[in-house]
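Me: Please take me through this structure, giving for each term the rule behind it.

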Amino acid sequence: MTDKFISIEGIAKRYPGAGGVTTTIFENLWLSMARGEFACVIGHSGCGKTTVLNILAGLDAPSEGAVIVDGQAISGTSLDRAVIFQSHALLPWRTVLGNVAYAVSSKWRSWDRAKVRAHAQAFIDLVGLSGSEHKRPSELSGGMKQRVGIARALSITPKMMLMDEPFSALDALTRGTLQDEVRRICLETGQTAFMITHDVDEAIYLADKIFLMTNGPGAVLAEVVENPLPRDRGRTDLHRHPLYYALRNHIIDFLVTRSKTFAAEAPNHDPRNVPVVQIGKPGLSIASTGEEPRQTWMPGTNPGLSA
Amino acid sequence: MTSSLRLRAGLVSIVLLAAFLGIWHLATRSTAPVTTMSPEYAKLMGLTATQGKSAMPGPLDVGAKLWEHLKRPFYDNGPNDKGLGIQLAYSIARVGTGYLLAVLVAIPLGFLIGMSPLLSKALDPFIQVLKPISPLAWMPLALYTIKDSSVSAIFVIFICSIWPMLLNTVFGVATVRKEWINVARTLEVGTVRRAFTVILPAAAPTILTGMRISIGIAWLVIVAAEMLVGGTGIGYFVWNEWNNLSITNVIIAILLIGIVGMLLDQILARFTRMVTFPE
């Protein structure tokens with residue numbers, strides 16, 4: 001990848017433990033993303049995914065190394081990087097409009113009330129919450145709360161969005177709808193997105209690039225899997241694509257076995273040149289092959305993207 | 001369902017009140033036969049001697065006296081004979097002044113301590129020692145330094161209401177949900193704006209709970225403080241009527257102290273509800 005919009009360069013995170021022993025969550029982590037790319041990080045709990053995201057957001061500082069976004073090393077939080085929190089983190093004493101307007105007025109401090117309101121309203125409409133502007137978060141369902149979280153993140157027109165398992169607290173149906181919304185919005189606005197997830201199908205549907213991390217402590221970025229599925233994929237017939245199962249099996253195999261044994265199996269792993277796995281391309285060994293396709297893939301017939 | 005529960009509970013309350021008043025009435029009514037004595041001596045001794053009436057007033061005596069007070073709450077016949085309204089107003093004014101001063105000190109100070117782990121640790125031993133001191137123990141020191149009994153009473157209210165507010169503010173500010181702070185941080189909100197737009201609303205229910213505890217304590221303490229400093233106020237009234245041996249007035253004062261205390265608590269409870277938002 002030549003265009004490194006985001007470049008994580010050799011970061012480490014260590015915590016002082018009991019008796020002068022330092023615990024290393026991860027070290028020498030290198031990772032880069034292009035502008036407009038959607039990346040998902042998959043790994044078991046404790047591998048430091050959330051720490052990486054917090055460092056990208058500026059909420060946490062790395063013990064070593066640097067993060068460069070758009071050509072500049074980051075220090076602290078920035079309005080260029082919006083975070084969608086797992087627990088939505090809405091302010092319960094503010095209405096939907098108030099929550100979004102809080103973000104808008106934080107970014108554009110000189111704007112008058114009417115302008116802030118109009119801008120916030122546009123993003124509330126974008127996530128499909130028109131009519132609920134004056135409700136408080138306690139009056140909303142879990143999915144609606146997370147929509148407000150998305151509207152709040154988008155309203156400051158960030159250069160990138162950081163999402164920490166944003167849909168893990170939602171039921172399957174709501175999660176599906178919100179995945180569609182996020183994908184639509186990211187494609188429409190060309191947003192760069194970095195997302196942590198436990199859900200393999202979510203990663204396959206949303207991500208252009210999937211980062212696989214081994215188990216912590218001492219976690220490393222093992223592989224970067226490029227998503228071979230077409231860009232106009234739809235959620236409902238994703239599993240009919242001939243490469244879907246190969247991709248899915250590769251990730252599941254990694255999570256089930258290779259995330260534990262990776263350090264022993266690949267002693268010459270170079271964290272600066274993480275292998276890029278391109279499933280379906282000849283000459284590359286993959287952990288498992290897919291099943292025979294049961295139906296021919298027909299691009300453009302996806303209901304998920306017709307809107 | 002709930003309305004019928006409320007109705008039944010109300011009925012039980014009325015029955016309990018009626019039973020209490022009935023027993024009170026029966027226990028204090030005249031029982032002994034009329035003893036014969038010279039009419040002048042009987043007039044001097046009153047019903048207690050002539051009809052065996054209990055020295056404790058019955059509910060009817062208290063009711064009649066209360067009605068008298070309610071008809072003229074604000075009369076002023078000199079230092080030892082003022083209407084109950086005036087006495088209560090003095091007490092409420094003292095509580096209000098001391099309490100407001102405590103709010104002005106405790107909430108900003110609690111905010112600072114809550115935001116700073118250093119201050120929090122450094123001031124903790126002082127707070128822990130000062131908090132359990134009975135507010136009345138400060139009275140001699142206050143009288144000696146301030147040299148004004150009325151101001152000393154206000155100081156005692158101040159010192160007793162400051163601790164619950166201070167500790168609750170510290171706790172509320174220090175335990176604001178990390179995510180809300182992170183929201184403000186990712187939006188690059190400055191410290192002052194963050195304090196007013198995130199920390200204050202998030203800590204408000206805890207702060208108001210501390211204020212509610214404080215007003216309760218302040219109202220408890222004012223009665224005792226006024227008994228000591230004398231002059232005016234409902235506490236002084238109770239002690240003065242005890243010296244006059246008017247048990248009826250003492251009972252009326254007790255009832256009014258309870259009612260005013262309940263009203264003060266309800267006002268703070270309402271404020272607490274106004275700033276509490278479910279998630």
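Reply: Chain B has twelve helices and zero strands, where helices (H or I, at least four residues) and strands (E, at least two) are DSSP runs numbered from the N terminus. This is a predicted model, in which local features need pLDDT of at least 70 and side-chain atom pairs count only at pLDDT 80 or more, while totals for chains, interfaces and linings use all residues. Residues are numbered from 1 along each chain as its sequence is written, and chains are lettered from A and ligands numbered from 1 in the order in which they are written.

Me: How do you know how chain B compares with a compact globule of 279 residues?

Reply: The globule rule is 2.2 Å times the number of residues to the power 0.38, with the radius of gyration taken over C-alpha atoms. For 279 residues a compact globule would come near 19 Å, whereas chain B has 25 Å; its C-alpha atoms fill a box of roughly 90 × 60 × 30 Å along the principal axes.

Me: What makes strand E4 and E5 of chain A a pair?

Reply: Two strands pair if DSSP finds at least two bridges between them, and two bridges join strand E4 (residues 64–69) to E5 in chain A, running antiparallel. A:Val69 has A:Gln72 in E5(A) as its bridge partner.

Me: Why is one side of strand E2 and of strand E5 of chain A left without a neighbour in the sheet?

Reply: The open sheet has the order E2-E1-E4-E5 (chain A). Strand E2 (22–33) and strand E5 (72–73) of chain A stand at its edges, each with a single partner strand, so one side of each has no neighbour there.
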